[in-house]
Amino acid sequence: MLEKNKKIFLKTYGCQMNVYDSDIMLDQLKKKGYEATSSDAEADLIVLNTCHIREKAAEKVYSELGKYRSLKKKNPSLKIGVAGCVAQAEGNEIIKRQPLVDFVVGPQSYHSISTILERLDDEEKVVNIEFATQEKFSKLKVNGGEKIKPSQFLTVQEGCDKFCAFCVVPYTRGVEVSRSVNEILDDAKNLVKYGAVEITLLGQNVNAYCGLDNNLKERDLSYLINKMSEIANLKRIRFVTSHPADMTEDLIQTFGSNPKLMPYLHLPIQSGSDAILKKMNRRHKVSDYMEVISKLRDVRSDIALSGDFIVGFPEETDEDFKKTIEICHLVRYASAFSFKYSPRPGTPAFERKDLPDSTKTERLSALQAVIKDYQQKFQKNLVGEKLPILAEKSGRAEGQIVGKSPYLQPVFFSGSMELIGKIIDVQIIASEANSLSGVVQQN
Ligand code: SAH
Ligand code: SF4
Ligand code: F3S
């Protein structure tokens, strides 16, 4: 039996899906009497929820694990677990490489984490990396009844069937699985009941969402968004991350027709060159992407666009790279993420010849300068505007509140803490590197 009041130190890497999953694990463990701690030194259980997307992300895990050697010496009953995408990708190998690790649990097996801990009473090591997606979702984040933060994430879809040549996600997260409409609506209502005002629908390929309704009819993401917007106290809906090939006409139109769907879309293109997109197995051309962008702007002219780019993919020439820069000029992103290509074992591109790191570094900094420039332009354009801001939490300074603009920028302003959870009009007065500041407008 597990004793009461043991402490868990849980560290999360990678994407929002991992953040969401960490909450699931904490929920499971709280039921078993664990409480969270922010100090690894006082933990009885350490879990790293890991990311495998780039080499650096995966290597971080091993350097972190190494640090726990002395803790384990001091407290031999300390249990150490590796969860997440490195767990799924490397399984048993993790324990071989770092014997400090007691258990390995893949992203589809978090519902079994308490059983794993019980098994460790008798077994030396436990590895569970089975795929059983549906089971893990039966969680109730708000069953304690305490108030939750105004902005919440809700997983609606997991896994990916796209198999981009560089990407580990289809292997670590498995095939696309969508939750049912009703299950999601129940979760959403529950989140709203306890204080959520904004919900971001999560999925590795969220716009491929295809869940069953009560009549076992398949429904798409636009249907789900429209259903969710019927929840009166839910004011804002977002979704992330989308693939250009799954931007259906209906979904595009929803940006124009549903005022609760926020004017922001993260739509990665990865490269501005058709030749590279083909080598990446992206299943869309630059012209397809631009058509989606233009339709989006037709229905929602102020929409903020964001994206992901990979530079230095195998065989990317200077000409190819120039086309990536051109895309930035055409789209004028409000923000974007960019990465040096990192060869990942098990993916088709892994076998291809890697470009020199110096080429990647050069291209990355050139791209980031352009992206940053457009981000500043986008933000500066908002100065002088009155925007509806969701007040999310108190800031570091006394009396300061941090909110979120419809376009996803953090907005700092002064006000009473009673404003938290409300959407208020704020006059934007300045743009900083990654945020805005403003003053509350009295009505
Ligand atoms: N499901 C999302 C996110 C995938 S991972 C999507 O399809 O957009 C987030 C980003 O990491 C990707 O968009 C891509 O830009 C980047 N990425 C994925 N694999 C990579 C690799 N091997 N090297 C460098 N960047 C990578
Ligand atoms: Fe990875 Fe491509 Fe799937 Fe995105 S769409 S998760 S980049 S395989
Ligand atoms: Fe990383 Fe897995 Fe997310 S590889 S980006 S944690 S899906």
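This is a predicted model: local features need pLDDT of at least 70, side-chain atom pairs count only at pLDDT 80 or more; totals for chains, interfaces and linings use all residues.

**Entry 1: a helix pair.** I started with α10 (residues 221-228) and α11, which pack at an angle of about 30°, their axes 8 Å apart. I can therefore call α10 and α11 roughly parallel to each other, since angles under 35 degrees count that way. For the contacts, I noted L221, S222, I225 and N226 on the α10 side, meeting D250, L251 and T254 of α11.

**Entry 2: α13.** Next I looked up helix α13, residues 286-299. Its 14 residues reach 20 Å from the first C-alpha to the last, close to the 20 Å expected at 1.5 Å a residue. Which residues of α13 are buried? I got V286, Y289, V292, I293 and L296. Looking down the axis of α13, I see these buried residues fall within an arc of 125°, so they line one face of the helix. I then checked what covers the buried residues of α13, and the cover includes α11 (249-257), β14 (264-266), α12 (274-279), β15 (304-311) and α14 (318-331).

Entry 3: How many bridges join β15 to β16? I found six, and the two strands run parallel. One spot I marked is I310, which stands opposite F339 in β16.

Entry 4: Most residues other than glycine have a negative phi, and most peptide bonds are trans, so I went looking for exceptions.

- The peptide bond from V240 to T241 is cis, with omega near 0°. I placed T241 in the loop between β13 (236-240) and α11.
- F163 is not a glycine, yet has a positive phi of about 50°. I found F163 in the loop between β8 (157-158) and α8 (169-172), partly exposed at a relative accessible area of 33%.
- E315 is not a glycine either, and has a positive phi of about 75°. E315 lies in the loop between β15 and α14, and I logged it as partly exposed at 48% relative accessibility.

How values were computed. Residues are numbered from 1 along each chain as its sequence is written. Chains are lettered from A and ligands numbered from 1 in the order in which they are written. Side-chain values use heavy atoms; hydrogens and water are left out. Helices (H or I, at least four residues) and strands (E, at least two) are DSSP runs, numbered from the N terminus. The expected span of a helix is 1.5 Å times one less than its number of residues. Buried means under 20% relative accessible area, exposed over 50%, partly exposed in between (1.4 Å probe, protein chains only). The arc is that of the directions from the helix axis to the C-beta atoms. Contact means heavy atoms within 4.5 Å. Two strands pair if DSSP finds at least two bridges between them. Axes are lines fitted to C-alpha atoms, for helices over the stretch in contact, and angles run from 0 to 180 degrees between N-to-C directions. Angles under 35 degrees count as roughly parallel, over 145 as roughly antiparallel, 65 to 115 as roughly perpendicular and the rest as oblique.
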